[in-house]
Amino acid sequence: MLDRRTLIGRALGSAAALALPRAAFAATEAPFPLYDTHAHFYTNDQARYPFNARGARYGAERMIAKAMATPMTPEVIFGIWDLAGITKGCGVQYNSTYATDNRYLLDISRRYPKKIVPVVILSPLDPATPAALEKMAREDRISGVRFTGVADASGAFPFLGDAAAPAWAAADRLGLVIVLMPIGKGTEGAMARVAVLAARYPNVKIVLDHVGFPKPVPSPTFGLSPEHLALAGHKNVYYKYTTLLIEQLEEGKVPLDAFVEHVAGVYGADHLVWGSDVGNSEVDVVDYVRRAVGSARRLPVKQQRAMFFDTAEAVFIPGGRGPVRA
């Protein structure tokens with residue numbers, strides 16, 4: 001577990017890195033711009049944006065200490081993005097600091113509309129969510145909503161169940177993205193349910209965080225279950241390759257370049273997007289950008305560009321794509 005001294009040290013290390021010449025990071029740059037679909041922003045301005053860290057993975061006290069010592073403001077994240085060659089990205093609401101209070105994300109995305117494309121978090125079961133999505137798409141230009149959590153006592157994920165149908169229907173009507181992160185046991189069942197929802201709501205672009213958590217062990221399918229593989233037939237499902245997943249694959253001794261090549265072969269490189277997880281993963285972000293870009297070098301450059309920029313640009317549309325036209 002990281003203590004406060006470690007967190008402060010990492011903050012100082014990041015500040016020092018930002019002061020280095022851009023040429024020092026030339027090895028991280030791709031021959032195309034990068035689009036980061038997974039950046040978490042938060043501030044230590046508790047007066048304007050009070051924390052709600054009850055859902056923090058490692059505990060509220062540690063999360064608040066981290067946010068106070070190393071706030072991930074636009075100025076900080078844009079500095080990291082500049083070093084890594086990232087031109088824009090999704091601001092993904094950070095459940096660990098603000099739960100469903102999206103005010104900070106929406107405020108900064110209004111200040112930087114060409115840099116931050118917002119993905120909010122709302123309760124999928126709240127009757128107010130459909131109207132909130134419509135209002136946020138119109139007024140705040142959100143591109144989507146993220147649903148995440150663990151399975152209930154029956155093994156089902158509530159945000160994939162019938163009780164969440166009004167929220168899904170609203171996103172379908174508005175042409176919004178739904179980013180999904182089912183956590184813990186039951187991933188195979190969740191993927192089977194995603195297939196049902198993809199067919200039912202064809203105007204929703206579904207993006208699976210961390211490629212739906214394949215098992216990070218060497219195997220012929222690179223950890224993808226039959227339920228994962230079956231999703232290849234649903235062209236409105238997309239797969240997010242992230243720093244967190246890279247960490248898991250490396251720990252499991254899975255070769256990154258072979259994994260990327262396999263997943264691109266299963267789903268198509270034009271259905272892969274990339275996210276740094278900056279603000280959450282406690283790593284050298286620029287180094288992990290280099291690893292991510294390097295792991296795709298087996299793909300043709302056109303496919304690499306699709307994975308690291310073009311697909312995200314086409315999927316995460318501020319305000320949504322609107323209803324399907326006849």
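Guide: A polar contact is a pair of N or O atoms within 3.5 Å; within protein, one must be able to donate a hydrogen and the other to accept it, and residues adjacent in sequence count only if both atoms are side-chain atoms. This is a predicted model, where local features need pLDDT of at least 70, side-chain atom pairs count only at pLDDT 80 or more, and totals for chains, interfaces and linings use all residues. Residues are numbered from 1 along each chain as its sequence is written, and side-chain values use heavy atoms, leaving out hydrogens and water.

Visitor: Okay, which backbone oxygen lies 3.4 Å from a polar atom of the Asn-236 side chain?

Guide: That of Tyr-201.

Visitor: Is Asn-236 buried or exposed?

Guide: Buried means under 20% relative accessible area, exposed over 50%, partly exposed in between (1.4 Å probe, protein chains only). Asn-236 has 9%, so it counts as buried.

Visitor: And what is Asn-236 in contact with, beyond four places in sequence?

Guide: Contact means heavy atoms within 4.5 Å. Leaving aside neighbours within four places, the partners of Asn-236 are Ala-198, Tyr-201, Pro-202, Val-204, Lys-205 and Ile-206.

Visitor: How do I read the lining of the largest cavity by class?

Guide: Ala, Val, Leu, Ile, Met, Phe, Trp, Tyr, Cys and Pro count as nonpolar, Asp, Glu, Lys and Arg as charged, and the others, Gly among them, as polar. A cavity is a set of points on a 1 Å grid over the protein atoms alone where a 1.4 Å probe fits but cannot get out, and lining residues have an atom within 4 Å of a point. Here the lining has 7 nonpolar, no polar and no charged residues, with Val-211, Tyr-241 and Phe-259 among them.

Methods:
1 Å grid on protein atoms, 1.4 Å probe; cavity = no way out; pocket = protein on both sides within 12 Å on 5 of 7 lines; lining within 4 Å.
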